[in-house]
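Morning, everyone. I have one structure to walk through today, and I'll keep it short.

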Amino acid sequence: AIKMDVSWLASRLPQDPPQLAARVEKLRGAVDTTVASVRRIASDLRPVMLHDLGLVAALENLLHEMSQRTGIVVSLDAVEGRLDFGEPLASSLYRMAQEALTNVARHAEASEVQVTVAVGDDDRLVLTVRDNGKGYDEVVAARRKSYGVLGIRERAYTLGGTARVERIETGGTLVEIVIPVARYRRRAAGNDTGIAG
C-alpha cells in the first residue's frame with residue numbers, strides 16, 4: 001500500500017522544482033529497501049524452504065547465500081533421510097547453524113567453512129560448523145558481549161543437548177552441537193503434535 005501511494009504521488013507531482021521529484025524518488029527507494037528487509041526478516045524467522053523442503057535443503061540454501069555474500073567456500077555433509085525432523089527441532093538446528101555461520105562471516109576471517117550434520121547409532125544428532133579462520137577467542141568474545149555463542153548453547157540446552165565452541169589447534173574454530181533425538185522420534189510415533197516429524 002505504501003509503495004502504491006508513493007507511486008501515485010510521484011506520478012502527480014510537478015517536475016519543478018526538481019528537488020521535490022528527487023525527494024519522492026528517494027522515498028520510493030527507501031520503501032523498496034524496507035519491503036525487501038521485511039521479506040528477508042520474515043523468511044529468516046521461519047524459512048519457507050525449511051517447512052517445504054526440509055532441513056538439508058534449508059542448510060544448503062543458507063550456505064549458498066553465505067558463499068554468494070562473502071566469497072567463503074562452503075560445503076555441507078548431511079544425509080537427508082535421517083534428518084527428517086519437525087518442530088521445534090528443525091528450526092532450532094537451522095537457527096544454531098545460522099548463528100554459527102554468521103559468526104564465521106563476521107569474525108573468523110575464514111576462506112572455507114564446512115558444515116556436517118549426522119545422526120549416529122546412539123540416536124544423537126551432531127551438527128558441526130568448522131572454519132579455517134583465525135580461531136575462537138573466548139576472552140575477545142566476552143569483551144565484545146556477543147550473544148551468538150550463548151544463544152547456540154541455550155538452544156541446545158533447551159533441546160536436551162550441549163554445544164561447545166573451541167579453537168582448532170591447526171587453525172580455525174569448531175562449533176559442535178549434540179542433541180539426543182530419540183525422544184522426539186518417540187513422541188512423533190505416539191501423537192501428531194508436530195514436535196518431531
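This is a predicted model. Start with strand E2, residues 112-119. One of its faces is covered: Val113, Val115, Val117 and Val119.

Now the neighbours of E2. On strand E1, residues 73-78, the pairing is parallel, with six bridges between E1 and E2. Two positions to look at. Ser75 has Gln114 in E2 as its bridge partner. Asp77 sits opposite Thr116 of E2.

Next, strand E3, residues 124-131. E3 pairs with E2 through seven bridges, and this time the sense is antiparallel. Find Ala118; opposite it is Val126 in E3. E2 and E3 make a hairpin, with four residues between the two strands. Look in the turn for Asp123, where phi is positive, about 60°.

Zoom out to the sheet. In what order do the five strands run? E1-E2-E3-E5-E4, in an open sheet with mixed pairing. The edges are E1 and E4, the latter covering 162-167, and each of them pairs on one side only. On average, neighbouring strands in this sheet are turned by 10° against each other, ignoring direction.

Last, the helices. Helix H4, residues 55-70, packs on the sheet and touches E1 and E2. The direction of H4 makes about 170° with that of E1. Helix H7, residues 148-158, lies across E4 and strand E5, which spans 173-180. H7 runs at about 150° to E4.

That's the tour. Questions, please.

Technical notes
Residues are numbered from 1 along each chain as its sequence is written. This is a predicted model: local features need pLDDT of at least 70, side-chain atom pairs count only at pLDDT 80 or more; totals for chains, interfaces and linings use all residues. Side-chain values use heavy atoms; hydrogens and water are left out. Buried means under 20% relative accessible area, exposed over 50%, partly exposed in between (1.4 Å probe, protein chains only). Two strands pair if DSSP finds at least two bridges between them. Axes are lines fitted to C-alpha atoms, for helices over the stretch in contact, and angles run from 0 to 180 degrees between N-to-C directions. Contact means heavy atoms within 4.5 Å.
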